[in-house]
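Please have the sequence and the model in view while I speak.

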Amino acid sequence: MSGLIALLDDVAGIAKVAAASIDDVAGQAAKAGAKAAGAVIDDAAVTPKYVQGFRADRELPIVGKIAWGSIKNKLIILLPIALLLSNFAPWAIAPLLMLGGAYLCFEGAEKIWHTLFPQDHTWDQAEHPVGDMTHLEETKVAGAIKTDFILSAEIMTIVLSAIPESNFWMETATLAVVAVGITVTVYGSVALIVKADDLGILMSTKGRLRLTRATGRGIVRSMPTFLNLLMIIGTAAMLWVGGSIIVHGLEELGFGWLGHHIHDLAVAAGHMVPSYEGAVEWAAKAGMDGIVGIALGLLIIPLATRVIGPIWGAVFKGKA
C-alpha cells in the first residue's frame, strides 16, 4: 500500500510539473504573440482581397485552403528554421528580424504612397489570370500562401526573439502554440469578415423582427467602412512594429543613439501629462517608432519597385 501511495505521489508531482510547463508555454505564447501584432493585423487585413470576385459558396473553402497553407508554412518550414537559428546561429536573429521589420515598413509606406499617388503604384500588382474559375482560384490561393509565407516568417522571427531563454522543447512548444493560435485567430477572423455581408443580407431580407432587419442593413452598409478601417489599423500597426524592430535592432548591434533619443523624448512627453504619464509615454514612443517606419519605408520603395520587384517578377513569373 505504501508503494502505491508513493507511486501516486510521483504521478501527482509529474502532473504538477506538466501543468506548470503548459502554463509556462501558454504564458510565453501569449506574450510572444502580442509582439507580432503588426504582422498579424496586416495578415487579417490583406487576406479578404483574395476571395473577391468568387461565388459566396467558394469564399470559406478558399479561406480554408489559405489557412492550411499558412499552417504548413509555419509548422513545416519556418518552425524548424527558427529552432535552428535559435540553437546554432542566434547572432542571425536580430539582422533577420530587422530585415522583416524593414519589410513591414515598406508595406506600410507603400500603402500610404499608393493612396496618395495611385497612378505610381507598380509594386505587388498581380496580373489577372485568365481561364476557368478553378484555375483562377488555384492561382489566387497560391499567391495568398506566398504572401502569407513572408508575413509568417516575420511573425515567427518576432515570436522567437520574444521567448525568454529556455530549453529546446519549450521553444518548440511555444512556437507551435503561437503558430496555430495566430493562424486560427487570423483566418477565423477573415472567415467572419468575408461572410459578414452575407449574414447582413440574410438578416435584412429574412429577419422576422424590424430590429433584426435593421441590424442586417447596418452590417451591409458598414462593411466597406470597417474594411477600410481595418486596413488603416493594419498599416499603422505595421509602421509602428516595423519601426520599433529597427530601432531595437540597432540598439542590439551597438547603434543605440536613435533608441535613446526616442526613449528620452517619450519620457519627457509623459512628464508633461503626469495624470496619464504611462499612456502618453507609450503613445509618444509608438508614434516616433512609426515615423521611423514611414521614413525607412519611403526610402525602400524605389529599391523595391525598380530593382527587387522586376527581379522577383522575372524569377517567379508563371510559377503559381
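This is a predicted model: local features need pLDDT of at least 70, side-chain atom pairs count only at pLDDT 80 or more; totals for chains, interfaces and linings use all residues.

How many residues does H6 have, and how far does H6 reach from its first C-alpha to its last? H6 has 39 residues and reaches 55 Å, which is close to the 57 Å expected at 1.5 Å a residue. The expected span of a helix is defined as 1.5 Å times one less than its number of residues. H6 also bends by about 40 degrees at Lys 195. Here the bend at a residue is the angle between axes fitted to the seven residues ending there and the seven starting there.

Residues are numbered from 1 along each chain as its sequence is written, and side-chain values use heavy atoms, with hydrogens and water left out.

Let me turn to the overall layout. The protein has nine helices and zero strands, so the pattern along the sequence reads α-α-α-α-α-α-α-α-α, where helices (H or I, at least four residues) and strands (E, at least two) are DSSP runs, numbered from the N terminus. Of the 320 residues in the protein, 38% are buried. Buried means under 20% relative accessible area, exposed means over 50%, and partly exposed lies in between, with a 1.4 Å probe and protein chains only.

Next, please find helix H7. For its 43 residues, 1.5 Å a residue should give a span of 63 Å, and the end C-alpha atoms are 60 Å apart, which agrees. H7 bends by about 40 degrees at Ser 222, and Pro 224 follows within four residues. After H7 comes Gly 254, with a positive phi near 95 degrees.

The structure holds one aromatic pair. Its members are Trp 240 and Trp 282, arranged edge-to-face, at 5.6 Å centre to centre and with 70 degrees between the planes. This pair links distant parts of the chain, since Trp 240 belongs to helix H7 (residues 210–252) and Trp 282 to helix H9 (residues 277–316), 42 residues apart. For the term itself, rings of Phe, Tyr and Trp (its six-membered ring) pair if their centres lie within 6.5 Å; planes under 30 degrees apart count as stacked, over 60 as edge-to-face and the rest as tilted. Trp 240 counts as partly exposed, because its relative accessibility is 30%, whereas Trp 282 counts as exposed at 54%.

I now come to the charged side chains. Side chains of opposite charge can pair when their charged atoms come close. The structure holds six salt bridges, a salt bridge being a side-chain nitrogen of Lys or Arg within 4 Å of a carboxyl oxygen of Asp or Glu.

One of them joins Lys 65 and Glu 137, at 2.8 Å from N to O. Lys 65 lies in helix H3 and Glu 137 in helix H5, so the pair ties together parts that are 72 residues apart in sequence. Lys 65 is partly exposed at 39% relative accessibility, while Glu 137 is buried at 8%. Arg 58 joins Lys 65 and Glu 137 in a network of salt bridges.

In H4 (residues 93–116), Glu 107 and Lys 111 are four residues apart, about one turn of the helix, and their closest N and O atoms are 3.4 Å apart. Glu 107 is buried at 7% relative accessible area, and Lys 111 is buried at 15%. In H9, Lys 285 and Asp 289 are likewise four residues apart, about one turn, with their closest N and O atoms at 3.0 Å. Is Asp 289 buried or exposed? Asp 289 counts as buried, because its relative accessibility is 1%, whereas Lys 285 is partly exposed at 37%.

To finish, I return to helix H6 by way of the surface. The largest share, four residues, comes from H3.
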